[in-house]
Amino acid sequence: MRLENKVAVITGAAAGFGEGIARRFAGEGARVVVADLNAKGAERVASEIGEAAIWTQTDVSQRSEFDEMVYAAKSAFGRIDIMVNNAGYTHRNGDMLNVDEETFDLITAVNMKAIYHAARAVVPIMDRQGGGVILTTASTAGLRPRPGLTWYNASKGWAITATKSMAVELAPKNIRVNCLCPVAGETGMLEKFMGADTPEIREKFRASIPLGRLSTPLDIANAALWLASDEAAFITGVALEVDGGRCI
């Protein structure tokens with residue numbers, strides 16, 4: 001029970017990596033807030049976890065909805081120990097000049113500005129409590145970019161740099177800040193990452209990963225669990241590659 005008596009807020013938790021993290025954290029004793037724009041999915045995940053979970057419909061691009069999410073977490077569980085910025089968005093793999101401005105703005109709002117909103121919302125709470133953990137799902141795309149995902153890659157590079165800078169600034173408050181860098185995995189965004197979902201393209205992606213497979217929600221959840229737990233009490237500012245060797 002590595003997260004016993006901890007409260008974790010997880011965005012993008014209605015499916016994919018976020019759902020995996022929510023379930024894994026709850027299994028280790030945490031009470032979790034399953035936050036997602038997809039209300040039906042968030043409700044499903046929270047109900048399947050049980051009494052240790054609540055759900056909120058949250059658009060992470062909007063500060064007002066972050067405040068509502070934090071209010072729900074505090075009302076239900078009294079505190080926030082772990083903030084997981086997992087919600088993400090991407091454009092379809094292709095020519096960077098074909099990405100329209102509306103899509104670009106949504107990528108920056110969800111992958112970048114939401115981290116700012118989260119910090120503004122939870123850092124004062126964690127400071128009053130004596131510490132906490134902020135964890136962001138970045139990507140191998142921010143470390144070793146692939147062609148065709150330029151604007152998504154850039155947003156994840158931003159997230160990695162923000163993580164490291166936040167870690168230094170928040171260390172005196174005993175708030176640890178880390179991020180995960182997964183390789184492509186079985187999530188709702190996979191088809192966009194690949195451009196098209198065919199056996200040939202999947203094999204091309206797998207061939208770039210030395211361990212020979214895509215990532216899974218459990219892979220990411222296990223890494224997130226360690227970084228969020230007291231076992232990683234001396235770890236901050238890390239961009240942990242969960243990638244089967246992709247970034248080597």
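Analyst: Happy to. The largest cavity has a volume of about 70 Å³. This is a predicted model, in which local features need pLDDT of at least 70, side-chain atom pairs count only at pLDDT 80 or more, and totals for chains, interfaces and linings use all residues. Residues are numbered from 1 along each chain as its sequence is written, and side-chain values use heavy atoms, with hydrogens and water left out.

User: What makes a space a cavity here?

Analyst: On a 1 Å grid over the protein atoms alone, a cavity is a set of points where a 1.4 Å probe fits but cannot get out. Its volume is the space filled by probe spheres set on the points, which are joined across faces, edges and corners. The structure holds one such cavity of 30 Å³ or more.

User: Which residues lie nearest the centre of the largest cavity?

Analyst: Asn85, Ala87, Val110, Ala114 and Ile115, out of 13 lining residues; lining means having an atom within 4 Å of a point. Helix H4 (101-129) gives the most, with four residues.

User: Why is Asn5 called exposed?

Analyst: Exposed means over 50% relative accessible area (1.4 Å probe, protein chains only). Asn5 has 56% relative accessibility, so Asn5 counts as exposed. Asn5 sits in the segment before strand E1 (7-11).

User: What is the phi of Asn5, and what is that of Asn174?

Analyst: Most residues other than glycine have a negative phi. Phi of Asn5 is positive, near 70 degrees, and phi of Asn174 is also positive, at about 65 degrees.

Conventions:
On a 1 Å grid over the protein atoms alone, a cavity is a set of points where a 1.4 Å probe fits but cannot get out, and a pocket is an open set with protein on both sides within 12 Å along at least five of seven lines; lining residues have an atom within 4 Å of a point. Helices (H or I, at least four residues) and strands (E, at least two) are DSSP runs, numbered from the N terminus. Buried means under 20% relative accessible area, exposed over 50%, partly exposed in between (1.4 Å probe, protein chains only).
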